[in-house]
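The sequence and coordinates come first.

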Amino acid sequence: MSLSAWYRCIRGCEGRYSVFDVIYRCPTCGGLLEVAHDTAALKERSGAEWRALFDQGSRGRGQESGVRGQGSGVWDKVEWVLPQIRAENRVTLGEGYTPLIHSPRLGRELGAKDLWVKQCGVSHTGSFKDLGMTVLVSAVAQMMADGGSPVRAVACASTGDTSAALAAYAAAAGIPAIVFLPRGKISTAQLIQPIANGAHVLALDTDFDGCMRIVKEVTRDNSIYLANSMNSLRVEGQKTVGIEIVQQLGWQVPDWIVLPSGNLGNISALAKGLALAHKLGVIDRLPRLAAAQAELANPLYRAYQTGFQRFEPMTAGATAASAIRIGDPVSYEKAVAALRQFDGVVEQANEDELADAAALADRAGLYACPHTGVALAVTAKLARRGVIQPGQRVVVISTAHGLKFSEFKIGYHEGALADVVTRHRNPPVELPADAGAVKAEIVRWLQGQ
Ligand SMILES: *Cc1c(COP(=O)(O)O)cnc(C)c1O
Ligand SMILES: [Zn+2]
């Protein structure tokens with residue numbers, strides 16, 4: 001089977017471009033590009049054969065060739081991702097194969113009993129961004145290995161997680177990385193990650209959208225390669241998340257997938273992977289999608305209210321869900337197409353709702369980041385309204401690890417978050433080192449259990 005993938009315009013303009021060229025937009029219309037695959041060639045395997053191949057997993061396939069997949073959930077699906085990458089150029093840190101956790105206790109609280117949480121934060125740099133970055137950085141490694149490429153460094157604007165992932169993968173490959181961060185608007189953990197990995201960290205006095213404008217300007221020069229999700233190579237890696245979800249459910253398709261959405265690359269990616277699985281007969285239907293936005297950063301939600309007739313960029317407010325604090329999402333057009341194809345909905349959550357949902361999730365044994373809180377709050381709202389029906393199977397994509405957002409968790413339990421009623425506050429009880437006082441406190445506490 002000889003497979004290939006190439007860039008084409010999402011708006012249908014003529015033209016094919018190499019995935020190893022430095023190109024991000026259609027030269028004809030300026031629209032985004034997407035990676036196209038030779039579906040006729042992919043159809044030489046039946047749906048059942050693809051399922052069997054993917055089910056062999058990294059272990060089975062890796063052992064055969066010594067390097068194939070290398071334990072990566074992304075590269076185990078190389079034929080659907082980027083078949084032209086040579087094994088020696090793959091830059092992997094063991095991304096993918098994140099846990100899918102059945103969470104019936106939390107589900108009952110939210111009104112969606114058959115709830116599953118896809119723990120994308122249980123990954124090398126603590127967010128789903130690893131899935132896309134392994135592909136992008138591998139492609140750059142191959143461009144550099146093949147010679148003749150103008151690329152000298154990689155760069156991105158970030159709300160924190162993209163820069164953490166880019167810095168780690170670039171460091172693993174020995175490629176210089178530059179990251180543009182909005183000063184004072186990301187968590188301490190997210191800031192220290194690219195610093196520790198040796199990236200050139202530029203903290204700018206602006207928001208994410210401002211950083212995005214600067215990085216676009218800087219990467220006009222082809223020596224610096226743009227690593228934001230406007231770059232469709234990222235989407236190819238991220239699209240494996242949906243395929244992995246159905247695989248973990250024994251190739252059963254859930255009724256809903258709910259995910260926090262900011263720049264809208266991830267929802268586009270999720271839809272692209274599932275659409276390909278459907279086209280190749282790997283799954284027999286599509287789930288519905290729910291894009292979850294923070295009320296303070298809700299341009300997609302507002303557009304949805306107009307039936308996507310009108311889209312207006314906004315200045316995003318200071319939401320605790322800082323990774324989706326985006327007012328002018330790059331992948332808006334792709335996301336609208338995805339929502340239409342998947343009978344999708346858009347819902348929002350305010351600061352109180354997202355913090356409450358994250359705390360509820362923690363009480364059920366998870367450790368939810370604020371973005372996951374947005375998705376969980378939206379799940380509860382949709383269930384209350386009957387959009388998500390009782391008994392339907394819901395997968396919530398948890399996009400980052402809660403440990404990256406200690407400030408948010410501390411703020412919650414100290415009762416210090418603005419606009420948040422802390423219903424599940426659990427501050428430590430300070431006592432003298434006295435057994436009597438301790439016993440009295442435990443008796444008091446047990447009465448409330
Ligand atoms: C990037 C990110 C998102 C949003 O993904 P988009 O592709 O920008 O919509 C959500 N949550 C976390 C934790 C992220 O890092
Ligand atoms: Zn075009």
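A residue counts as buried under 20% relative accessible area, as exposed over 50%, and as partly exposed in between. The model is predicted.

**Backbone angles**

Tyr 97 belongs to the loop between H4 and strand S3 (100-102). Its phi is near 50 degrees, a positive value in a residue other than glycine. Most residues other than glycine have a negative phi. A positive phi also occurs at Leu 264, about 75 degrees, and this residue is not a glycine either. Leu 264 is located in the loop between S9 and helix H12 (265-279). With a relative accessibility of 2%, Leu 264 is buried.

**Zinc site**

Which residues hold the zinc ion (ligand 2) as protein donors? They are Cys 9, Cys 13, Cys 26 and Cys 29, each through SG, at 2.2 to 2.4 Å from the ion. The angles among the four donor atoms run from 107 to 111 degrees, and the site is tetrahedral. The ideal angle for four tetrahedral donors is 109.5 degrees. Along the sequence, the donor residues of the zinc ion (ligand 2) follow the spacing C-x3-C-x12-C-x2-C. Cys 13 and Cys 29 both lie in the loop between strand S1 (5-9) and strand S2 (33-37), so the pair ties together parts that are 16 residues apart in sequence. Cys 13 is partly exposed at 24% relative accessibility, and Cys 29 is partly exposed at 32%.

**Aromatic pairs and charges over rings**

The count of aromatic pairs comes to seven. One of them joins Trp 50 and Phe 54 in a tilted arrangement, with 5.6 Å from centre to centre and 35 degrees between the planes. Both residues lie in helix H2 (residues 47-55), four residues apart, about one turn of the helix. Trp 50 is buried at 0% relative accessibility, and Phe 54 is buried at 1%.

Phe 54 also pairs with Trp 80: the ring centres are 5.0 Å apart and the planes stand at 75 degrees, so this pair is edge-to-face. The angle meets that description because edge-to-face requires over 60 degrees. The pair links distant parts of the chain, with Phe 54 in helix H2 and Trp 80 in helix H4 (residues 78-81), 26 residues apart. Phe 54 and Trp 80 are both buried.

Elsewhere, Tyr 304, Phe 308, Phe 311 and Tyr 332 make up one aromatic cluster.

**Buried loop residues**

| Residue | Relative accessible area | Class |
|---|---|---|
| Ser 322 | 11% | buried |
| Asn 231 | 1% | buried |
| Val 253 | 9% | buried |

Ser 322 is in the loop between helix H13 (299-305) and helix H14 (332-341). Apart from neighbours within four places in sequence, Ser 322 is in contact with Thr 159, Lys 185, Gln 190, His 371 and Phe 405.

Asn 231 is in the loop between strand S8 (224-226) and helix H10 (232-238). What does the side chain of Asn 231 make a polar contact with? The partner is the side chain of Tyr 225, at 3.1 Å. When residues up to four places away in sequence are not counted, Asn 231 touches Tyr 7, Tyr 24, Leu 136, Tyr 225 and Leu 226.

Val 253 is in the loop between helix H11 (240-248) and strand S9 (256-260). Val 253 and Leu 286 are separated by 33 residues in sequence, while their C-alpha atoms are 6.8 Å apart in space. With residues up to four places away in sequence left out, Val 253 touches Val 246, Ile 283, Asp 284, Arg 285, Leu 286 and Pro 287.

Methods. Residues numbered from 1 in each chain as written. Chains lettered and ligands numbered in written order. Predicted model: local features only at pLDDT ≥ 70, side-chain atom pairs only at ≥ 80, totals over all residues. Heavy atoms only, no water. Phe/Tyr/Trp six-rings, centres within 6.5 Å; stacked < 30°, edge-to-face > 60°. Helix = DSSP H or I, 4+ residues; strand = E, 2+ residues; numbered from the N terminus. Buried < 20%, exposed > 50% of the residue type's maximum accessible area, 1.4 Å probe, protein only. Donors = N, O, S within 2.8 Å, 3.2 Å for Na, K, Ca; no water. Tetrahedral: all angles 85-135°; square planar, octahedral: opposite > 155°, others 65-115°. Contact = heavy atoms within 4.5 Å. Polar contact = N/O pair within 3.5 Å; in protein donor to acceptor, adjacent residues only side chain to side chain.
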